[in-house]
Amino acid sequence: MVSISQKVEKISLDGLWELKNSEKSVEIDAQVPGTVFEALLENNIIEDPFYGENEHEMKWIYESNWFYEKEFNLDPEFLEHKHILLRFNGLDTIAEVNLNGELIGSVNNMFVRYDFEVKSKLKQSGNKLVINFKSPTAKSREYIERNKIKLNTGYAAIPGVPYLRKAQYSFGWDWGPKLPDIGIWKTVEVIGFDDIKIKSVFPYTNLEYNKDPLNISNPTEFSTIEVKSAKLFIEIDLTSNIENIRGINYIIKAQLRAPNDEIFVKEIPLSKQKETFNFDIENPFLWWTHELGTPNLYQLEVSILKDGVLETVKQKIGLREIQLVRKPDRWGETFYFLLNGIPVFAKGANWIPVDSFIPRGKKLGLYSMNLNYAKKANMNMIRVWGGGIYEDESFYNLCDELGLLVWQDFPFACALYPYSDDFIKNVEKEVTQNIKKLRNHTSLALWCGNNEIEGLWKRLLISSGVVEDNTKRLKFLKDFYLRIFEELIPQLIKKFDPTRPYWPSSPSSGFIIENLAARSSNNPNAGDSHYWAVWHGNLPFSAYRDFNSRFMSEFGFESFPSLKTIEKFCPPNQYDFNSQIMENHQKNAAGNQKIMDYMDKRFSIPRDFEHQVILSQITQAEAIEYGVEYWRQNRSDYHCMGSLYWQLNDCWPVASWSSLDYYGRWKALHYFAKRFYQSLFASVKEDPDQIEFWVTNDLIRSCDIELDWKILNSEGNTLMKGIYNSKVSPCSSLKLGLEDVSNINKEQFNMQNNIIFYKLYSNNGKKEIIYRGFRLFDAPKFFNLRDPEISSSFEDIERKKNNKVQFKLKLKAKSIALYVNIDSGLVDFIASDNFFSMEPNETWDIDIEIASGLETCKDHSKQEIINSFKIQSLYDIIK
């Protein structure tokens, strides 16, 4: 029997702490994990910082110093452990740690786990722990004064945050408020152990294929790839002060449970501080993105045994291989991910932190909500952007389970960073810890050094006040950049996670070495691209077709959130794009006017504010769709292999580039994304004189399809029609044909009033509709709208076990209906489709699930819910 003192024991110090500021004007209870802003809100000390212009009344909070205090007791048996660690998994950011009146350490990095050996400082009862947090903004000003360089992340931010290893967005961004938070943002625990403890467990996989995937030239062969076996390696690192472990009779045990409950077990006598197991697994259950298969996960348990179990580490792992394939080709160099031998077109969005107050976002369930909605929109990759954080463990667990790949930026973005040995050492500790923490996640596909620093280099020098003639300082900054992003980080990845690719910056064409600022980082022929000529450059949507990216990792377009969300921060008397509060909830310079200008090019602008909001969302959705369609048409021969739009989510309620607002409400873009990210997808490339019809197939199997198309005029008369039948190879795009439309579009008036409708059917034995699309030849404002006279009826209303109400909505349009919008002022919901267009006499069946069935459905009858729904089209919006 193992004595208690030999076991590794953990005692949580989470829960209620005392919080006060240095002036002692505030003394309240605070939850840990949590933050100062959260505690002040929970204790009704401050108004909601997200409402109105309250953000600007919060400066005193982040300009103050704050103290977290907690008293705790320990059992005598626990104090007998030879080693006792006080572990802080996350402190934000500058703080001193005091235990029983003694300073035990200082911290300066919110991304680092801090361990303090405290056995000699603990007692059985009345232990007092005090964390003294310093103002992050005061600290950043101190660094600016000392270094004489005003490091910053742009016009929308408080200067100085690059000096701190703190989430960069918290000082403000062009979509986020200036609300730098402070606090114990992750768990605190006391860990007792004796001679030995598990430091880390690192599993990785090698697969054996029946053929070499990289030598496949005909995409039909991808359906014949088989994985015969998998070799799983498990590296186990131990902490121990014992010189001769071999003589102490420890056993290390690894147990693996497969998805079918088959169990594999291995045990070996412990002989050194680093041991490696390997399992040969025949016919393995592979981990796939959700569109290509099942994201299978094995349950791994690693234990140290000696007369019983001393410690066990559990984690879920997937068996898979991921490669970043970069090979010379006729355009330049490929850039795509190969998963288990299958080339993946990355479809997804960029991710920012879920809340300005990060722990609150986790408590509110925003991780699960946003990632599940990403999967619902047929995304297979999420890019964790570099101005945020190494995400919460729950984020990566969810991506593992949902079959979503993760592109992980290290948290450096749009800034120069201080060139000092202390900063380098801090970064080295941070990067090492986080590589070891995240490398076990199957979903993690790529490490990326930073966001846009390489590409913005000259502009960043100017914004920081570094003059070109200061050659010594310029060389320091340049050498420092190369030292971090092209030496230190890749070396650490090679040492601690050699199975994954590293990319130095986004966008980039690869390691830049001495060519910083002398070579384009946004080369469309190699590497990944960010494209902002649409939006920031004011170019029309059509400009997307002029940029043939290999992998589009960032592009975007703004819109407003729904009126229900606007109501959360703005009173009705401020319902105007240019009102003070609406402008405060728009952090991109002149962004609201830009939304209006783009809308005006596409639509007749209605007077009603709510209708203007809806049009902003339709404009955003059309813009992103225009780009994604084109890049997906280019997937054959790996010409373009990724589309990650900016951005998936918001950290507060705001006008932004997101497709999901802060409350998880779907904008038009998210419904469009659900359509344009389908695995089997039809699209058109229209010009006044001709139309190309395309089908893209991201699946591993060939698909027999039928595409029916027709061109109608605004009166609903058919001018042209046709059918294409074809077999589409796996992992490819296919141009079905080209139609000459010059005759029907000869006159501008006719061209502006003609519309293409097309439907994609599966022909694999049973003809099923897969996709419906439409396209105008000119802006919708020129199309002669008629009242579509949409009729609606509700059927099959039922309440599910999870308390969610579901029902079917049947719609029929008498005439052409553009951008049919289903909405409710009473409940939040997810529709199977929304913001679509209908042919004359066409019927659509829509599934509705009440998303807020949480509480609101209990308060409303079924009839009240039905009566709250409003169905309108563009005709109703602009009439």
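A pocket is an open set of points on a 1 Å grid over the protein atoms alone, with protein on both sides within 12 Å along at least five of seven lines. A cavity is a set of points where a 1.4 Å probe fits but cannot get out. Lining residues have an atom within 4 Å of a point. Grid points are joined across faces, edges and corners, and a volume is the space filled by probe spheres set on the points.

This is a predicted model: local features need pLDDT of at least 70, side-chain atom pairs count only at pLDDT 80 or more, and totals for chains, interfaces and linings use all residues. Residues are numbered from 1 along each chain as its sequence is written, and side-chain values use heavy atoms, with hydrogens and water left out.

**View 1. The second largest pocket holds about 1100 Å³ of space.** Its lining counts 40 residues. Closest to the centre are Lys564, Tyr663, Gly664, Arg665 and Asp828. Two or more lining residues come from each of α6 (366-376), α11 (563-566), α14 (609-633), β38 (817-824) and β39 (829-831). Such labels are DSSP runs, numbered from the N terminus: helices are H or I with at least four residues, strands are E with at least two. Helix α6 gives the largest share, six residues. By class, the lining has 17 nonpolar, twelve polar and eleven charged residues. Here Ala, Val, Leu, Ile, Met, Phe, Trp, Tyr, Cys and Pro count as nonpolar, Asp, Glu, Lys and Arg as charged, and the others, Gly among them, as polar.

**View 2. The largest pocket has a volume of about 1600 Å³.** Its lining is made of 50 residues. Arg87, Asn89, Arg113, Glu393 and Lys437 lie nearest the centre. At least two lining residues come from each of β1 (9-12), β5 (83-88), β10 (188-193), β11 (196-209), β17 (309-317), α5 (358-363), α7 (393-402) and α8 (421-438). Strand β17 supplies the largest share, six residues. The lining of this pocket divides into 16 nonpolar, 13 polar and 21 charged residues.

**View 3. Strands β6 and β7 form a hairpin.** Strands of a sheet pair through backbone hydrogen bonds, either parallel or antiparallel. Two strands count as a pair if DSSP finds at least two bridges between them. Strand β6 covers residues 95-99 and β7 covers residues 102-107. They pair in the antiparallel sense over five bridges. Glu96 has Ser106 in β7 as its bridge partner. Two residues separate the strands, and Asn100 in the turn has a positive phi of about 50°.

**View 4. Three strands make an open sheet in the order β40-β38-β42.** The pairing is antiparallel. Strands β40 (836-838) and β42 (869-872) are the edges, and each pairs on one side only. Neighbouring strands are turned by 35° against each other on average, direction ignored. Axes are lines fitted to C-alpha atoms, for helices over the stretch in contact, and angles run from 0 to 180 degrees between N-to-C directions. Contact means heavy atoms within 4.5 Å. Two bridges join β38 to β40. Val820 has Phe836 in β40 as its bridge partner. Helix α14 lies across β38 and β42, at about 120° to β38.

**View 5. Another open sheet has three strands in the order β29-β30-β33.** Its pairing is antiparallel. The edge strands β29 (680-686) and β33 (732-740) each pair on one side only. From one strand to the next, the twist averages 20°. Strand β30 (residues 690-697) and β33 share eight bridges. Gln690 stands opposite Asp740 in β33. Helix α14 lies across β29, β30 and β33, running at about 105° to β29.

View 6. Of its 15 lining residues, Arg772, Gly773, Phe774, Phe836 and Ser837 are the closest to the centre. Strands β34 (754-762), β35 (768-776) and β40 each supply at least two lining residues. The largest share, four residues, comes from β35. Seven lining residues are nonpolar, two polar and six charged. The structure holds five cavities of 30 Å³ or more.

**View 7. Trp407 sits in strand β23 (residues 405-409).** Trp407 is buried, with a relative accessible area of 0%. Buried means under 20% relative accessible area (1.4 Å probe, protein chains only). Trp407 and Trp532 are 125 residues apart in sequence and 20 Å apart in space, C-alpha to C-alpha.

Definitions and conventions. Buried < 20%, exposed > 50% of the residue type's maximum accessible area, 1.4 Å probe, protein only.
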